[in-house]
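Here are a few notes to read alongside the model. Have it open as you go through them.

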Amino acid sequence: MSSSSTMRRWPVASVMGLLEEREAAARVRVEELQAEADRILSELSAAEAVLERRAIARVELAEALAAPGDAADAAVQEAPEPVPTAKAMKVPVAGSIVPHFGEGMTVEALAPDYRRIVELVESGPEGGEGVSAKEIASGLGLELVPAKIEGVRSKARRLAERGWLAVSPSGRFTPRQPTAGVPAAAGKPGGRGDGS
């Protein structure tokens, strides 16, 4: 009997070893893909910065080439009260560039998909633990597959790079820390929004 029980344990141990090898190989593959995703996100960020600079240059060139009367009228209209970039923008559209956060800016300066991410993070759990990309994707009603989660993570990182959110070393996203000159409840009378 002891030999038959030994025979039964041996294949189980062999199967466990095989599964451990496969798990280790899968872990290595995940790490390789994560490194590749980080590299791609870094390149994407650099490409977006180039795109943003070129878009700004195009707008400035168009303003410079405008008829002299139009340029003078525009200068007179802007002189009395400088308008923050967020208010000067028309309605942001999906795929538009994420502006750097500045004093007086609100989430209205962001395209709808980025605005929803900021609002979800700001309404996340108290205590500063933050929200994961998977939790954000779930809050957006997206299918919880790796591609969708990585897309959300990319957008949230872009928001963090431009000052709209903060990101912890563990990769969780938290609301940005208010600066000394900006009241914590700026643009949010009554707490969670005024319904507008």
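1. K155 sits over the face of Y114, 5.7 Å from the ring centre. That label needs NZ of Lys or CZ of Arg within 6 Å of the ring centre and within 35 degrees of the ring normal. Keep in mind that this is a predicted model, where local features need pLDDT of at least 70, side-chain atom pairs count only at pLDDT 80 or more, and totals for chains, interfaces and linings use all residues. Numbering runs from 1 along each chain as its sequence is written, and side-chain values use heavy atoms, without hydrogens and water.

2. The count of aromatic pairs is 1 (Phe, Tyr and Trp rings, six-membered for Trp, with centres within 6.5 Å; planes under 30 degrees apart are stacked, over 60 edge-to-face, the rest tilted). F101 and W164 make an edge-to-face pair, 4.9 Å centre to centre with 85° between the planes. F101 is in the loop between α3 (85-88) and α4 (112-122) and W164 in the loop between α6 (146-161) and β1 (165-167), so the pair ties together parts 63 residues apart in sequence. (Helices are DSSP runs of H or I, at least four residues; strands are runs of E, at least two; both are numbered from the N terminus.)

3. Buried or exposed: which is W164? W164 is buried, at 2% relative accessible area, while F101 is partly exposed at 21% (buried is under 20%, exposed over 50%, partly exposed in between, with a 1.4 Å probe and protein chains only).

4. In α6, the buried residues include I149, V152 and L159. Just after α6, G163 has a positive phi of about 90°.
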